[in-house]
Amino acid sequence: EDASAPRVTRSTCPYCGVGCGVLIESEGGRITGVRGDPGHPANFGRLCTKGSTLHLTTKPELAPQVRLLQPELRTRRDAPRNPVSWDTALDHAAQRFADLITAHGPDSVGFYISGQMLTEDYYVFNKLAKGLIGTNNVDTNSRVCMSSAVAGYKATLGADAPPCAYEDIDHAACLFFVGSNAAWSHPIAFRRIEQAKARRPEMRIVVVDPRRTETAELADLHLQLLPGTDVALFHAMLHVMVWEDLIDPAFIAAHTSGFAALRDLVRDMSPAVAANLCGLKADDIVTAARWFALGAPSGSVQARQPTLSMYCQGLNQSSSGTAKNAGLINLHLACGQIGKPGAGPFSLTGQPNAMGGREVGGMANLLSAHRDLANPEHRAEVAALWGVADVPASRGKTAIELFQAAADGEVKALWIACTNPAQSLPDQAMVRRALERAEFVVVQEVYATAATVPYGDLLLPATTWGEKEGTVTNSERRISRVRAATAAPGAARDDWAIATDFARRLEALLPARLNGRLTLFPYATPEAVWNEHRESTRGRDLDITGLSWAALERDGPQQWPYPQGASGGKARLYADGIFPTADGRARFFAQPFKPVAEPCDARYPLALTTGRLRDQWHGMTRTGSVPRLFSHAPEPSIDLHPTELARRGLRDGELVRVASRRGDLLLPARATDTVRPGQAFIAMHWGAEYLAGRNAEGVARLGVNGLTLPALDPHSFQPELKHSAVRVEAA
Ligand code: SF4
């Protein structure tokens, strides 16, 4: 085939968890355009602003300025980095890791990877850490994205398996959004919701969000609650459902356990009590409970209509994220609102492949194919699959713990791939201490502009969208192929291949865990990696042994489970009322409401939340190169209610100083009544490159996450990015 001839390559958008199919147009080794794939069931040909401008992020003439194109190494921190060959780079990395592991043990090293990796990349890194090195210190930016959703599903339904599908939007009588601005964060799914509402105006939409977002503009009922009070709201809704006999006692009796304890817990959480805690009207809580339970305002328990809840970071990024997720799922279980068309809890994944990463067990507390790290039989199964003697039993360090351990000198080597912790993690001062204190930092990255790059002792150039082959799984468990349309620029290589080559070198230096085998990493292609992952799912809830890359080529994207012999995937889980728990019953999760970790006080009186803009993605390394995308929001600002500005004698647009207990920033204030008095909002995308400088005390300003705090949920270890106490004053 003539590589320079015009061609169209079918692939998947690399941004959000909708996972839209794209058709990449290329000619002469250059990506010239992108269109929505009409045959992809996630988007039927539509693309949002981010997806439809993907080709503008790939200009080869920009590569020398924005891409890493050659491995670079420095052997001393005070020396410049020099270009080196891949052999030199990986030999050096393997020797440094082997020396540290030999001297300090396997837990002295850690890997921090990404929900933007492909499943095959994730698989190799996970096996490298847990199988070859023997450490569970492999965590990912999914920790700050979906780990509370994982913990919530497992605590209630027994497995990390979102039970719904996007097609449920078309069947739901009530849509219950919580902590999700889908209009901006999952735009193509939201277009489907707008169409459903236009076709069926009687469909009720409830939006629970501290801000009046574009999603809330479509709502029949907007519950503008105080940040962090979701559990109180859910408990009060259950209180109403019990009091008004709106629950489904037959479903509860046949398919669940633990309801009595939860019923006792919510007895005192009346709508009046919750209204006070949440800053809502009690009547609105009652209305939300009735709509949720019955599916429609005119419904009855005899003619219950389906309710679909859709939720995202507002529930997850919280020090009580697991309780919030489980509290919402409690409502579905109490009303039997699960396992039927249009009903169920549906977590929207922030990143394109957070699901694929969870499937391979690529986190510090997970194991391959939804196995349980604490279960000796599960560990033995994985060890047998990989051909190693064992997999370490104790939980590895999760994202924040990993960086804290590096800052404390306990973790001595960090390998960071496909993610930008020097911008995206909370408490940037701590993260940067970690990157400085670690003895050896590898940064495997696409963009030379990423904030973490300056901290790398070794830089490894990676391929990205349009250049690599593999698979991703979207929010509805649908596996799609990602395909290369052009060759890799410079010396950039695929993430799975870099990890495989490093692993083989490490095997030669640390042969003990090879168990007599030649290599644990015999892969020549990403398909070979995927085939091994597929085998690991046999008999599990996410069994995909009936699938192959050839089948994905032939039949297009498919939902799991898809076991051997199946004729298709499953749109919806738990239709039979049997859950993947020991007794087959779903479990109610009874945990009391807990306030935010850092309440506002007289010195820091404003509640700061962070979130996405419509047209930017994460740290803007990719979207920031497209001028058109800046027209939506050309500069950072802090949203404040006009009364908060007036109280401080500040004007709309005036430069203000925002300070938390960890740092401060200078940025313009924007007067808006989309936030309540007492609250503030800053978009998450602006890092230290944009919001830099030093304050009067000489302390560096480190972007929006210089303000946020690392308080963790005790079950999911997800940090509370959605609430920090701040103050605002004239700059
Ligand atoms: Fe890409 Fe998400 Fe937009 Fe679809 S909705 S085009 S997956 S960013």
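This is a predicted model: local features need pLDDT of at least 70, side-chain atom pairs count only at pLDDT 80 or more; totals for chains, interfaces and linings use all residues.
Biologist: Why is T9 called partly exposed?

Modeller: A residue is buried if 20 or more other C-beta atoms lie within 10 Å of its own, exposed if 12 or fewer, and partly exposed in between, with C-beta atoms placed from the backbone. T9 has 16 C-beta neighbours inside 10 Å, so T9 counts as partly exposed.

Biologist: Where does T9 lie, and what is T9 in contact with?

Modeller: T9 lies in strand β1 (residues 7-12). Strands here are DSSP runs of E, at least two residues; helices are runs of H or I, at least four residues; both are numbered from the N terminus. Contact means that two C-beta atoms, placed from the backbone, lie within 7 Å. Leaving aside neighbours within four places in sequence, T9 is in contact with I24, S26, R483 and A485. T9 and A485 are 476 residues apart along the chain, yet their C-alpha atoms are separated by 5.9 Å.

Biologist: What makes β14 a mostly covered strand?

Modeller: Strand β14 (residues 413-417) has five of its five residues buried. Both faces are covered: A413, W415 and A417 are buried on one side, L414 and I416 on the other.

Biologist: How do you know that β14 pairs with β6 and with β15?

Modeller: Two strands pair if DSSP finds at least two bridges between them. Strand β6 (residues 109-113) is joined to β14 by four bridges, and the two run parallel. F111 stands opposite W415 in β14. A413 has F440 in β15 as its bridge partner, and I416 stands opposite V443.

Biologist: What makes β17 and β19 edge strands?

Modeller: Three strands form an open sheet in the order β17-β18-β19, with antiparallel pairing. β17 (470-473) and β19 (558-559) each pair on one side only. Strand β18 (residues 478-482) and β19 share two bridges. R478 has Q559 in β19 as its bridge partner.

Biologist: How do you know that helix α5 is mostly covered, and what covers its buried residues?

Modeller: Helix α5 (residues 147-156) has ten of its ten residues buried. Among them are S147, Y153 and K154. The cover includes α14 (313-316), α15 (321-334), β13 (344-347), α16 (354-359) and β20 (586-587). α5 is followed by G158, whose phi is positive, near 95°.

Biologist: What makes a residue count as near the ligand, and which come nearest?

Modeller: A residue is near if its C-beta atom, placed from the backbone, lies within 6 Å of the molecule. There are 14 residues around the ligand, and C13, Y15, C20, C48 and G51 come nearest. α1 (49-52) and α7 (187-199) each supply at least two residues of that shell. Domain 1 (7-64) and domain 3 (165-342 + 583-587) each give at least three. These domain bounds come from an automatic or database domain assignment.

Biologist: How do the shell residues divide by class?

Modeller: Nine are nonpolar, four polar and one charged. Ala, Val, Leu, Ile, Met, Phe, Trp, Tyr, Cys and Pro count as nonpolar, Asp, Glu, Lys and Arg as charged, and the others, Gly among them, as polar.

Biologist: How far apart do domain 2 and domain 4 lie, and how many residues does their contact take?

Modeller: Their C-alpha centres lie 32 Å apart. The contact takes eight residues from domain 2 and nine residues from domain 4. The domain 2 side has four nonpolar, three polar and one charged residues.

Methods. Residues are numbered from 1 along each chain as its sequence is written.
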